[in-house]
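I opened my notebook for a look at backbone angles and pockets. Here is what I went through, entry by entry.

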Amino acid sequence: MTEVCLPDLGEINEVTVVDWLRQEGETVVAGEGLVEVETEKTTFVVEAPQDGKLALIVKKKGDKARINELLARIS
Amino acid sequence: MSSWLELVENKLEAVHLPLGRVEYVRTYHLQARLHELRCQGKIADTVITVEHEPVFTIGRSGSASNLLVPLKVLQHEGISVYDTERGGNITYHGPGQLVVYPIIDLRSQGCDLKRYIRNLEQSVIGFLARLGIVAERRAGFPGVWVGSRKIASVGVYVKRWITRHGLALNVDVNKCHFGMINPCGMNIEVVSLNELTKEKSSLAKVREGILSQMEQLFGWRFVEGDAQQYWEKDW
């Protein structure tokens, strides 16, 4: 299992998950957009860190997340 | 100690792409193309400046519920509505508004989303200050405000640390069009620069002022790109 965490975005405390671009069970490729988060009127795309299957979405649409917090797991 | 000349030479070269007045959707697709090219390292940091035909755009956290008039009325007025991937809610673009779309790599700007937004806002605040206008940020409400009225909006999309979308500054807009929405999803009043000054500013003059501020804030030296080449070139 590989953890997908919210990367360091600078002086940002918290983001809101606005949309998952892949759903649980779907195959993902390293570098592709996985989830969109929003803060300060900015949409930021978090990418898949490796190839695999999106096994578990931890932060659902509308949830808040902090830097380095777990968003999902890829198997 | 670095000489002034060396400091100038150390500035990053960025391309300014002045598009004139262009329909929103054409610029939307151009941004997507330039974003991909910037991701591939095939172009330098590029800043589009443009004026749009009347259009409403809805960001990722917005909805059409902030449109205050029926779609039929918009069709009659010739105003389109587009969903976009930028952050934020609903906004208006139209004649008399300077729109700035930086397609830039934030890895050379510290990978800091908040700092980037602050710099976009500061380009407006610094420019307005030169005209004797006091403008400011409001905590929790990105954009630039003159008193309680909003003069500039921001809304950005970042993928692979490359930006698109950006900043819109009201210079002399049709406020009736703004009255058709709750800008940014809030019941706020907007203001144009030319309401605040005796001497009216042209969009071209405002553009030069904003670009000059951006050169200082981002450490760039602009070179002008040929917009025609970008429309026509087969990448």
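**Entry 1: the model.** I noted first that this is a predicted model.

**Entry 2: positive phi.** I started from the general rule that most residues other than glycine have a negative phi. I then looked up K41(A), a residue other than glycine, and found its phi positive, near 60°.

**Entry 3: where they sit.** I placed K41(A) in the loop that links β4 (33–39) and β5 (42–47) of chain A. I found N68(A) in the loop between β7 (64–66) and β8 (70–74) of chain A.

**Entry 4: buried or exposed?** I asked this of K41(A). Its relative accessible area is 14%, under the 20% cut-off, so K41(A) counts as buried. For N68(A) the value is 57%, over the 50% cut-off, so N68(A) counts as exposed.

**Entry 5: the largest pocket.** I read off a volume of about 360 Å³ for the largest pocket. K41(A) turned up again here: among the 21 lining residues, those closest to the centre are E40(A), K41(A), G140(B), F141(B) and P142(B).

**Entry 6: who lines it?** Which elements each supply at least two residues of the lining? I listed β4 of chain A, plus α4 (113–130), β7 (136–138) and β8 (141–146) of chain B. The largest share, 4 residues, belongs to α4(B).

How values were computed:
Residues are numbered from 1 along each chain as its sequence is written. Chains are lettered from A and ligands numbered from 1 in the order in which they are written. This is a predicted model: local features need pLDDT of at least 70, side-chain atom pairs count only at pLDDT 80 or more; totals for chains, interfaces and linings use all residues. Side-chain values use heavy atoms; hydrogens and water are left out. Buried means under 20% relative accessible area, exposed over 50%, partly exposed in between (1.4 Å probe, protein chains only). On a 1 Å grid over the protein atoms alone, a cavity is a set of points where a 1.4 Å probe fits but cannot get out, and a pocket is an open set with protein on both sides within 12 Å along at least five of seven lines; lining residues have an atom within 4 Å of a point. Grid points are joined across faces, edges and corners, and a volume is the space filled by probe spheres set on the points.
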